[in-house]
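Take a look at the model below. The report starts at the metal site and then moves through the strands and helices around it.

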Amino acid sequence: MCDHDRPIRPPATAMSRRAFVTRAAIGAGVALVSTVAPWRVMAAGNTEALLLSCMDYRLMDDIVRYMDGRGLTDRYDHVILAGAALGVLNDKYPAWGQTFWDHVGVAIELHHIAKIIVMDHRDCGAYKVFLGPDVAKDAATERAAHAAEMHKLRAEIGRRHPGLAVELLLMDLAGRVETIA
Ligand SMILES: [Zn+2]
């Protein structure tokens with residue numbers, strides 16, 4: 001391989017990659033307003049938690065009611081992915097997982113969340129699509145499938161963000177919520 005086939009790299013100095021990119025962009029005639037991460041210049045605050053739930057239209061009111069009942073009205077961020085825990089972990093659409101982790105990062109930086117509440121629900125279409133219809137063949141099998149995915153997600157949250165508490169919940173179609181240990 002000759003020299004000009006090598007990938008172009010920033011000069012080997014102490015300059016950070018961001019600073020290098022900025023100077024390179026300015027050198028190319030592009031004006032950058034700020035090198036600060038955009039979240040830092042937005043209005044910040046503190047909130048309790050980030051809630052991850054499924055997109056299922058049947059449960060939107062139940063989710064809000066449940067969170068209101070815990071005194072969390074207007075005190076949580078909310079990320080919605082089909083399948084909730086499995087939405088993050090599924091192999092078919094890896095971008096969903098990346099989207100979740102990106103939003104967790106923003107919620108930490110912008111709102112200083114202390115906890116992630118993962119709320120799966122019964123009769124979840126995404127679980128049936130990703131894992132097959134037998135996943136909900138009876139209540140115990142269905143519960144075990146959700147517990148398995150939520151445990152995996154809790155472990156991954158712990159690996160990426162050891163400071164965050166994690167709560168695992170399973171809602172039924174009547175809006176009743178059970179805690180998964
Ligand atoms: Zn669902």
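Cys124 is buried, with a relative accessible area of 3%. This is a predicted model, and all values here are computed from it. Cys124 coordinates the zinc ion through SG, together with Cys54 (SG) and His121 (NE2), at 2.1 to 2.3 Å. Along the chain, these donors follow the spacing C-x66-H-x2-C. His121 is buried too, at a relative accessible area of 4%.

How accessible are these residues?

| Residue | Relative accessible area | Class |
|---|---|---|
| Cys124 | 3% | buried |
| His121 | 4% | buried |
| Asp138 | 34% | partly exposed |

Next, strand β1. Five of its five residues are buried, so β1 is largely enclosed by the rest of the structure. In a regular strand, side chains alternate between the two faces of the sheet. Both faces of β1 are covered. Ala49, Leu51 and Ser53 are buried on one side. Leu50 and Leu52 are buried on the other.

What does β1 pair with? One partner is β2, in the parallel sense over five bridges. Within that pairing, Leu50 has Asp77 of β2 as its bridge partner. The chain gets from β1 to β2 through α3, and this β-α-β crossover is right-handed. β1 also pairs with β3, again in the parallel sense and over five bridges. Here Ala49 has Lys115 of β3 as its bridge partner.

Now the crossover helix. α3 spans residues 60-69, and its buried residues are Asp62, Ile63, Tyr66 and Met67. Seen down the axis of α3, these fall within an arc of 130°, so they line one face of the helix. Which elements cover them? The cover includes β1 (49-53), β2 (76-80), β3 (115-121), β4 (165-171) and β5 (177-179). The face of α3 turned away from the buried side carries the exposed residues Arg65 and Gly69. Just after α3, Gly71 takes a positive phi of about 75°.

Last, a loop. Asp138 sits between α6 (125-131) and α7 (139-160).

How values were computed. Residues are numbered from 1 along each chain as its sequence is written. This is a predicted model: local features need pLDDT of at least 70, side-chain atom pairs count only at pLDDT 80 or more; totals for chains, interfaces and linings use all residues. Side-chain values use heavy atoms; hydrogens and water are left out. Buried means under 20% relative accessible area, exposed over 50%, partly exposed in between (1.4 Å probe, protein chains only). Helices (H or I, at least four residues) and strands (E, at least two) are DSSP runs, numbered from the N terminus. The arc is that of the directions from the helix axis to the C-beta atoms. Contact means heavy atoms within 4.5 Å. Donors are N, O and S atoms within 2.8 Å of the metal (3.2 Å for Na, K and Ca); water is not among the atoms, so sites may look incomplete. Two strands pair if DSSP finds at least two bridges between them. A crossover is right-handed if, with the strands pointing away from the viewer, the path from the first strand over the helix to the second runs clockwise.
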